Amino acid sequence: MQADAKMGDYKYADINGDGQLTDADRTKIGDANPKYTYGITNHFSWRRFDLSALIQGVQGNSIINSNRLAYLSLNGSNGNVPKEYINNAFDPVTNPNGKYPMLNSLRSGSGRFSDAFVEDGSYIRLKNLQVGYEIPISVVRGAQSARIYLNAVNLLTSTKYTGFDPEVSAFSNTSMRGVDLGSYPQSRTYSLGLNLTF
């Protein structure tokens, strides 16, 4: 029995079937360790053009999205909340099939930890992409070789994770791998360069 439950709150599983929610109902949820990590790098060239790419990713790991833990209190005391949570909160009249708890100023906190805050952390990312062009030596006097290139880092990411970045560890602490406490996402960067050899 969930004695402190209110309408619109989450329902928690009575794992051991004794009719009460106690510490005995706790169970392992998720694993920060991926089942496998993979990557591939390729280099292509055609006439004076070249292209190199690095694709990497992980599969089968879990992430604790602590941002959701704060957002889903929905009691008005935790600052701003994304519009998606407000629009999809349970309401017995206007949204009886809402997937988030009902807005409730009496709710004292985020509630018990559950699998609502654990997400699939699998991703595949185009980590690096570089396109180059070998400039004819006749164009650059005195140079033995010349190459201009455009480089992009963290160009594309495909993931089901709803946070900013699936590559997380709280405060860069390796003992807290797979915990997102508002980790700053990796930047997408572009650079233009010129290599000259004299």
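Start by selecting isoleucine 40, which sits in strand S1 (residues 36–46); strands here are DSSP runs of E, at least two residues long, numbered from the N terminus. This is a predicted model, in which local features need pLDDT of at least 70, side-chain atom pairs count only at pLDDT 80 or more, and totals for chains, interfaces and linings use all residues. Residues are numbered from 1 along each chain as its sequence is written, and side-chain values use heavy atoms, with hydrogens and water left out.

Isoleucine 40 has a relative accessible area of 46%, so it is partly exposed (between buried, under 20%, and exposed, over 50%, with a 1.4 Å probe and protein chains only). The C-alpha atoms of isoleucine 40 and alanine 53 are 8.1 Å apart.

Next, go to aspartate 120 in strand S4 (residues 118–120). Aspartate 120 is partly exposed too, at 35% relative accessibility. Not counting residues up to four places away in sequence, aspartate 120 touches Asn61, Lys160 and Tyr161. For a view across the chain, pick glycine 30: its C-alpha atom is 8.6 Å from that of aspartate 120, though 90 residues separate them in sequence.

Finish at the lining of the largest pocket, which has eight nonpolar, three polar and six charged residues. Here Ala, Val, Leu, Ile, Met, Phe, Trp, Tyr, Cys and Pro count as nonpolar, Asp, Glu, Lys and Arg as charged, and the others, Gly among them, as polar.

Notes
Helices (H or I, at least four residues) and strands (E, at least two) are DSSP runs, numbered from the N terminus. Contact means heavy atoms within 4.5 Å.
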